[in-house]
Amino acid sequence: MVTMDRDIVLVTGATSGLGLRLAETLAAEGATVLVHGRDATRVHALSERLNAAGGSTHPYWADLASLREVRTFAQRVVDEQPRIDVLINNAGVGPGPQDGERELSADGLELRFAVGYLAPYVLTRALVPLVRRAKAGRVVNVGSGAQTEIDVDDLGMAGFYNGWVAYGRAKLALASLTVDLAAELGPYGITVSCVHPADLMPTSMVRQTGLAPQSTVEQGAEAVLRLVHSAAGGDMAHGHYYNVLEPAQPHPDVMCPEKRELLRGATERLLAHQAGHH
């Protein structure tokens, strides 16, 4: 076990499910954990509980469905922290109930794409300067095997909506971002990876789908922590996708440079358009 002593680790979506288990484990291992959640009261309660148990944590709250809040959150971290050794992009919105309606973010964007992909896209890029200050910076994106092809001309899914497809599109986009970031940040000694942590853990996200859990939160945490604990540039190959503990092949579109470039361009246009309205 690599000790996380004095490492600074940011966990998004830390107040429940997998994120909560990661925050608890990392705090117990001696990391300084920046715990993020949407609800300030819950984040403060978690931070106080972990600190009372001997941990070192700092509370951060932001609704990742609002890009303005994402940017404010990122700026707070930049202003307050000397560096980030590990960034864990864990927060997301699940597929929702069967036959669920299309939902929009605070910015009028398709909700699952906004929280599961655009938020980590904006957050990670804003925090790169802090991750570069780490000796062996790591970015771990919590993905899913449920990756689905994206129509870049209809990122909002106005033409066709299905909760599982929306969730899968966000997860494909996150895996694509992983490959792009790995190429960009590798020269700075930063390792970027993406992991499908486990099949259907008993979290509120899974309970909403009505499907029966197939694995434990502990199994999911083990898969993520294996990447967190890996030395940069070590056996956890850079830019790779993992299915639980094993290296795996993501959706073919993730490994296609042209498809990634189309997605990146569409993402930047969407963000620029959204910024122009605020």
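Arg-76 is partly exposed, with a relative accessible area of 26%. Here buried means under 20% relative accessible area, exposed means over 50%, and partly exposed lies in between (1.4 Å probe, protein chains only). The structure is a predicted model, in which local features need pLDDT of at least 70 and side-chain atom pairs count only at pLDDT 80 or more, while totals for chains, interfaces and linings use all residues. Residues are numbered from 1 along each chain as its sequence is written, and side-chain values use heavy atoms, with hydrogens and water left out.

Arg-76 forms a salt bridge with Glu-80, at 3.3 Å from N to O. A salt bridge is a side-chain nitrogen of Lys or Arg within 4 Å of a carboxyl oxygen of Asp or Glu. Glu-80 is also partly exposed, at 44% relative accessible area. Both residues lie in helix H3 (residues 67–80). They are four residues apart, about one turn of the helix. Helices (H or I, at least four residues) and strands (E, at least two) are DSSP runs, numbered from the N terminus.

By the salt-bridge rule, the count comes to eleven. Side chains of opposite charge can pair when their charged atoms come close. One of the bridges joins Asp-7 to Arg-138, at 3.9 Å from N to O. This pair links distant parts of the chain, 131 residues apart. Asp-7 sits in the segment before strand E1 (8–11), and Arg-138 in strand E5 (residues 138–142). Asp-7 is buried, at 17% relative accessibility. Arg-138 is buried too, with a relative accessible area of 7%.

Another bridge pairs Glu-184 with Arg-125, at 2.9 Å from N to O. Glu-184 belongs to helix H5 (residues 163–185) and Arg-125 to helix H4, so this pair also links distant parts of the chain, 59 residues apart. Glu-184 is partly exposed, at 36% relative accessibility. Arg-125 is partly exposed as well, at 27%. Elsewhere, salt bridges that share partners join Arg-21, Glu-24, Arg-49 and Glu-218 into one network.

Helix H4 (residues 111–132) also meets helix H8 (residues 257–276). Their axes come within 12 Å and cross at roughly 90°. Axes are lines fitted to C-alpha atoms, for helices over the stretch in contact, and angles run from 0 to 180 degrees between N-to-C directions. H4 and H8 are therefore roughly perpendicular to each other. Angles of 65 to 115 degrees count as roughly perpendicular, under 35 as roughly parallel, over 145 as roughly antiparallel and the rest as oblique. On the H4 side, the contact involves Phe-113, Tyr-117, Leu-118, Tyr-121 and Val-122. On the H8 side are Leu-263, Arg-264, Thr-267, Glu-268, Leu-270 and Leu-271. Contact means heavy atoms within 4.5 Å. The residues of this contact divide into eight nonpolar, one polar and two charged.

Leu-22 lies in helix H1 (residues 17–28). Leu-22 is buried, with a relative accessible area of 0%. Beyond its neighbours within four places in sequence, Leu-22 is in contact with Val-11, Ile-88, Ala-221, Val-224 and Leu-225.

The count of disulfides comes to zero. A disulfide is a pair of cysteine sulfur atoms within 2.5 Å. The sulfur of Cys-194 is 17 Å from the closest cysteine sulfur, in Cys-256, too far for a bond. Cys-194 is buried, at 1% relative accessible area. Cys-256 is partly exposed, at 22%.

Methods. Ala, Val, Leu, Ile, Met, Phe, Trp, Tyr, Cys and Pro count as nonpolar, Asp, Glu, Lys and Arg as charged, and the others, Gly among them, as polar.
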